[in-house]
Amino acid sequence: MGRTIAIAGGGIVGRTLAVALASQSHLAVRLIAGPRPPRDERASALAASARRMMARVGVWPAVAAEAEPMRGMVITDSADGDLVRPEVLTFEGETDGHPFGHMVPNETLFAALVARCAALGIEETPAVATFYDEDERGVTLELSDGSTVAADILVAADGRNSKMRQIAGIEVVQKDYRQCGIAGTVSHELDHGGIATQHFLPAGPFAMLPLTGRRSSIVWTERAEFAADLARMDPMLAGLEIERVFGLSLGRITVDGPLVAHPLGAMMARELVAGRVVLAGDAAHVIHPLAGQGLNLGLRDVAVLAETLIESARIGEDPVAGLPRYAKRRRADTVQMALVTDGLNTIFSRKSDLLRAARSVALGLVEERGKLKSLFMREAAGVEGELPRLMRGEAI
């Protein structure tokens, strides 16, 4: 008997899952995409494992030309007023013969996924899922256009404020960082060489992440009032503020397009599964952006969930039977990453000379030990530990 998987949410995670299922199996996929989201000015760091998956499901060829390889990273720890920022940790080189990550504009990745969904003939609607009923045989979704969709499984990939998660009664744990993230694209006079830079500053981290050409994506954590002022600032003055924080190692900096400020918080769903509803992406977890791992966490959800659903279909079991396996495989990874990013933000955002000295010693120890640095690189590339098949570049 054919099985149908309904996916609520047409963002990057929801569409990647739709593409993975449609390209790797005979499962029927219904994508309740919702209206097209507004333009996204951000870029994302795709780990090497995520690149492998995108290549396997046929998305990477449409992305590659605008994907900038990340060939290294420099981390500094600075206090207010420092004229020179000592480099406390550096990473350079490749992982398994490839860059440990690529910076990709979110709009580029989204457009490639829309095109791939169309090429695979995935049935989608711009309506929104508003409610669902569930029985022992499946789920029935009610949509905003008055229609209904019947499916065996409902995947809630509808964002941090997930309506489907709320209807399922899944509770969340949340933390407000009382910080804002500032994101946008800048141009600079000098080549970045594929090197990402992260300055840990008292108000929060500032990252300059390489894009194609002499351009970079900035991800800047600041106080809410300052972030709002910067987003409204004249682009020339905003460029001067970025130069003040980043310095002139890449020459003069020009802001390209709008800077976007958004409040930062962490969120973790207490459960990933409720009956025939399963969470993925931001509906399941939201972490601090300082490590650039938020989207990669969601894509690892996709890889594991696709593998689980397809394996269930191949052995003829009701796909709901496989959902606990998905939850078990994903729980440790998501909790660990949330704790790491929360801890790093807390430790590096405190104004303490003693704490700063301790941080520098700890990072210096990592810098001096090649095996530790290699492990960190492999973690950043997403190739450490037991990987789902798509993230090994293999078919399911």
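Which residues form a nonpolar patch on the surface? They are Met236, Leu237 and Leu240, with about 310 Å² of accessible area together. Patch members have over 30% relative accessible area and no salt bridge, and nonpolar side chains (Val, Leu, Ile, Met, Phe, Trp, Tyr) are joined within 5 Å. A salt bridge is a side-chain nitrogen of Lys or Arg within 4 Å of a carboxyl oxygen of Asp or Glu.

This is a predicted model, in which local features need pLDDT of at least 70 and side-chain atom pairs count only at pLDDT 80 or more, while totals for chains, interfaces and linings use all residues. Residues are numbered from 1 along each chain, and side-chain values use heavy atoms, without hydrogens and water.

Let's set two residues side by side.

Helices (H or I, at least four residues) and strands (E, at least two) are DSSP runs. Beyond its neighbours within four places in sequence, Thr221 has contacts (heavy atoms within 4.5 Å) that include Gln179, Cys180, Leu264 and His288.

Now for a sheet. Three strands make an open, antiparallel sheet in the order β9-β10-β11. Because β9 (129–134) and β11 (148–151) each have a single partner strand, they stand at the edges. Two strands pair if DSSP finds at least two bridges between them; β9 and β10 (residues 139–143) are joined by 5 bridges. Within β10, Leu141 is the bridge partner of Tyr132.

Terms used
Patches are made of residues with over 30% relative accessible area and no salt bridge: like charges are joined within 9 Å, nonpolar side chains (Val, Leu, Ile, Met, Phe, Trp, Tyr) within 5 Å. Accessible areas come from the Shrake-Rupley method with a 1.4 Å probe; for residues, only the protein chains shown count as cover.
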